[in-house]
Amino acid sequence: MTQLQSTAEAGAASPSPASAGTPAGRNSGPARSGTSGGAAPAEARSLLATAWLRIRRSKIALLSLCAVVAIMLFAILAPALSALSGNDPFTSNTSPEVLDDFQTPGLPLPGYMYPSAQHWLGVEPGLGRDLFARLAYGGQVSLTIALLSTAVSVVLGTVLGAAAGYFGGKTDAIISRIMDLFLAFPHLLLVLSLTPILQSRLRDTPLGEGSFLPMASLVIILGFFGWAYLARIVRGQVLSLREREFVEAARSFGASHISVLFRQIIPNVMGVVLVYATMLIPTNISAEAALSFLGVGVKDPTPSWGQMLNAAQSGNWYLSDPWFLAVPGAMLIVTVLAFNLLGDAVRDALDPKASRH
Amino acid sequence: MITFILRRAGSLVLLLTAVSFITFTLFQLGPADPAAAACGQECTPERVAEARVALGMDQPFLVQYADYMRGLFSSRMIGAPGAQSVCEWPCLGKSFQTNENVADIIGRSLPYTLSMAVGALVLWTVSGVGLGLLAALRKGSPTDKFIVGAASVGVSLPIPVTGLFLLLVFVNQLHLLPFTTNEINSPFGPQGPLAWVANYLLPWIALAVLFSASYIRVTRTNMIETFGEDFIRTARAKGLTPRTVTFKHGVRAGITPVVTMLGMDIGLLLGGAVLTEQIFSVPGLGFTAVHAAISGDLPVTLAITMLAAFFVIVANVVVDLAYAAIDPRVRLQ
């Protein structure tokens, strides 16, 4: 829960604020998706199929899904789109035809500040780089960091939470105490202060090459500090799941604990995991933006939405060129909002007990 | 009650020790070499070695940790043999950058952070709980839908964007408020409470927009749930006025999750609103931590992180105690 609120300060939407007050409410029985506990692949398919069926019924859910797909495509197609516009995110153009050089040095001249046929979103003040290309490439960086760090947290949270719930006893005690600790830490502060430290260490490894370094370190740090909340939820689900007949059946056929854990237990909690994964993505998007904004994440010349916000604040450019703040700001808000609404929809679809609207 | 408090205090001490130990480990044994960071730009291997001795890093790790913790209880000597200086109680080490006692730096930053926290807290609790309650009472109405929609947008507004937007509009364009100044850090200063409010109003709003959104959602869902419970029906059946039912019965029972959030958020904010302080250049704990983190000033980041964790953990215990006072159904065992 601490994580939830600490990233909230980071401008992150907390995963499921609606449920924040009553974590215990989640720990009630898995009797939801696939009560028979059949084979894993069939389970996973029916889960997604159920989700899709329910999402299709809600206008907001459908709209947010479309928005998320469009944003992803925008980022994936960044090279093609910016080639189409004839620009790239790194070439600067400080010629006096583009940037003012006497009244406010560096400020784009009116024809270049705002969208035009040549520069679809205008150019940056200071260096005159194309804003559209930077926004698209920045999306690649921001979304890659958010998705990969979510993946790291989800794998850690699912495996550790399931192991704690399934094995119980000492394993549970140890993992649960670690979860408590992780939840007690002031997240943003710790992430903020550890990122430069991690970067200095990664510098000499294969991960430390150029623009790759900040991305790798953000993925590791955000992933490593984001698993505890999910683990707690998964543990609660598994506690009751492990008492079910199909687990006993699998054991009596001679399946090992590890096999039961990965083939019987974990497939049965995928619904909850999917819900929390969807909610963790916008949190991590905001966290990347926050860290890069603070100057410890992605740094110029590599673009990311947080780096662009940082550029807008540095030198107070946003005061003379508000458009420069509006572009990454609006993109960030729309993206986080779309993912949040999609997260709510996925939760309503897969975890009806948790939906309390 | 007494045993409950004693037991919570016991686990509190354990948790705090664990948090301090882990933070210390992460920072001291963590990937970067603190000695190299302390020694600065033009560093030779010999000077790193000297710095290592000066920082006590030639000692076994547990000795370092014990030394550090001892500083919490008494003054201690710091630095290389021959060049030692006193680090007054409470000693949290000395800044690599300015050689200032970290406790003094924290003492200087804390009033700013408090100023930020107090106003934002009042603003978002009043608006969040108020609007959430209103939405719950008018469930399904256009008012409700509007509030819920606004809350969905609110949780998606990143602080850097709202903060800079507020500065742009209200300070730069409309000239309604001044840029924040370092000179005001309490309502009781020479400039008076009005200047204090004017100085911190925008940071408060930036924080409150985001936080009140989650308070609206939590208040609304919990109040709706509570209003559906049997004891509310009983209270209505007894012929109590709607006002009494809503506020004396409903709110008391339905507000506990909000108290949990509030406790955590207070704990969190006391550790510094990192982004907001940075945007509005308020030199509180968060601002100080960012600059220390960027310049590799480990003692400062370490101490602020520990202090922030301390606030969060203590807030948790206070929340548990507050539960019993608010909700008559809660009994402490």
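Me: In which hand does helix 11 of chain B pass helix 14 of chain B?
Reply: In this predicted model, helix 11 of chain B covers residues 256-270 and helix 14 of chain B covers residues 298-326, and their axes lie 8 Å apart. Where helix 11 of chain B passes helix 14 of chain B, the crossing is right-handed.

Me: Is helix 11 of chain B roughly parallel or roughly antiparallel to helix 14 of chain B?
Reply: The two helices pack at an angle of about 155°. Angles over 145 degrees count as roughly antiparallel, and therefore the relation of helix 11 of chain B to helix 14 of chain B is roughly antiparallel.

Me: How many nonpolar, polar and charged residues are there in the contact of helix 11 of chain B with helix 14 of chain B?
Reply: From helix 11 of chain B come residues including Val259(B), Gly263(B), Met264(B) and Leu270(B), and these belong to a group that meets residues of helix 14 of chain B, among them Phe311(B), Asn316(B), Val319(B) and Tyr323(B). Sorted by class, the residues of this contact are 14 nonpolar, 5 polar and no charged.

Me: Which residues of helix 10 of chain B meet helix 9 of chain B?
Reply: Helix 9 (residues 230-237) and helix 10 (residues 242-254) of chain B pack at an angle of about 150°, with their axes 10 Å apart, and their crossing is right-handed. The contact holds 4 nonpolar, 2 polar and 1 charged residues. On the side of helix 9 of chain B stand Phe231(B), Ile232(B), Ala235(B) and Arg236(B), and the residues that they meet in helix 10 of chain B are Val245(B), His249(B) and Gly250(B).

Me: Which helix of chain A gives the largest share of the side that touches chain B?
Reply: The contact between the chains takes 52 residues from chain A and 53 residues from chain B. Several helices of chain A each supply at least two residues of that side, including helix 1 (2-9), helix 7 (169-184), helix 13 (270-294) and helix 16 (322-350). The largest share, 11 residues, comes from helix 8 of chain A.

Me: How many residues on the side of chain A that touches chain B are charged?
Reply: Of the residues that chain A brings to its contact with chain B, 35 are nonpolar and 14 are polar. The number of charged residues on this side of chain A is 3.

Note on methods. Residues are numbered from 1 along each chain as its sequence is written. Chains are lettered from A and ligands numbered from 1 in the order in which they are written. This is a predicted model: local features need pLDDT of at least 70, side-chain atom pairs count only at pLDDT 80 or more; totals for chains, interfaces and linings use all residues. Axes are lines fitted to C-alpha atoms, for helices over the stretch in contact, and angles run from 0 to 180 degrees between N-to-C directions. Helices (H or I, at least four residues) and strands (E, at least two) are DSSP runs, numbered from the N terminus. Angles under 35 degrees count as roughly parallel, over 145 as roughly antiparallel, 65 to 115 as roughly perpendicular and the rest as oblique. A crossing is left-handed if the near helix is turned anticlockwise from the far one by less than a right angle, and right-handed if clockwise. Two residues are in contact if their C-beta atoms, placed from the backbone, lie within 7 Å. Ala, Val, Leu, Ile, Met, Phe, Trp, Tyr, Cys and Pro count as nonpolar, Asp, Glu, Lys and Arg as charged, and the others, Gly among them, as polar.
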